[in-house]
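This report describes the overall form, the surface and selected residues of one protein chain. The sequence and the structure are shown first.

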Amino acid sequence: MKTRAVHTGQRMSPMAGQARMAATHRIEDARSWAAPRLESAAHGIEDQVAPYVSSMLTAAARKIEPARTRSRRWPMLVLMTGLAVGAMGYMAYRRNAQQWTEHMKDSASDASRWVNEKAERTADSANRMASGVSERADETSRKMS
């Protein structure tokens, strides 16, 4: 049996070589036929399917993306602006209060000078009237006596 297998193997060896050559040619032919078709299919997918898949993936990404937090710049800017305006208002208030105090001191001294002048005029007028009344009383008393 062994000799028969060796003898069959020797007879089949040239046929195996031919089969291998035929298979190699057939594989090259298949590759030559398949390569342009695969390239065409790749372009078709790139042009037709890829944009659809890309838009679908983009929409999915937008859906799962967490909501953006609001910027904290605006509240901080408003706070700083408010503090600056408040500080300017306080400084203006202090300046006006100081000016008002000085004005009131001047007004008070003017008022007190005015009151003193009025009091002196009134006192002079009262003295004149009193002396006039006193003179009339003296005259009247002389006439009666």
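## Basis of the description

Helices are taken here as DSSP runs of H or I with at least four residues, numbered from the N terminus. The model is predicted.

## Overall form

The protein chain contains two helices and zero strands. Its radius of gyration is 61 Å, whereas the globule rule gives 15 Å for 145 residues; the value is well over that of the rule, so the chain is more spread out than a compact globule. The C-alpha trace spans about 195 × 35 × 20 Å along the principal axes of the chain.

Helix α1 comprises residues 2-64, and helix α2 comprises residues 73-144.

## Exposure and charge

Of the 145 residues in the protein chain, 0% are buried. The chain exposes about 14,000 Å², and 61% of this area is supplied by carbon and sulfur atoms.

The protein chain carries 23 positive and 15 negative charges. The mean position of the positive charges and that of the negative charges lie 22 Å apart.

Arg-121 is partly exposed, at a relative accessible area of 47%. Glu-117 is likewise partly exposed, with a relative accessible area of 37%.

## A nonpolar surface patch

Which residues form a nonpolar patch on the surface? The patch consists of Ile-45, Val-49, Tyr-52, Val-53, Met-56 and Leu-57. Together these residues have about 580 Å² of accessible area. One of them, Ile-45, is located in helix α1.

## Residues of helix α1 and their separations

Thr-3 belongs to helix α1 and is exposed, with a relative accessible area of 65%. Thr-3 and Thr-24 are 21 residues apart along the chain, and 31 Å separates their C-alpha atoms. Arg-20 also lies in helix α1; Arg-20 is exposed, at a relative accessible area of 60%. Between the C-alpha atoms of Arg-20 and Met-80, which are 60 residues apart along the chain, the separation is 86 Å.

Is Ala-61 exposed or partly exposed? Ala-61, which has its place in helix α1, has a relative accessible area of 40% and is therefore partly exposed.

How values were computed:
Residues numbered from 1 in each chain as written. Predicted model: local features only at pLDDT ≥ 70, side-chain atom pairs only at ≥ 80, totals over all residues. Heavy atoms only, no water. Rg over C-alpha atoms; globule rule 2.2 N^0.38 Å. Buried < 20%, exposed > 50% of the residue type's maximum accessible area, 1.4 Å probe, protein only. Areas by Shrake-Rupley, 256 points an atom, 1.4 Å probe, with all protein chains shown as cover. Lys, Arg positive; Asp, Glu negative; His and termini not counted. Charge placed at Lys NZ, Arg CZ, Asp CG, Glu CD. Patch = residues over 30% accessible without salt bridge, like charges linked within 9 Å, V, L, I, M, F, W, Y side chains within 5 Å. Salt bridge = Lys/Arg side-chain N within 4 Å of Asp/Glu carboxyl O.
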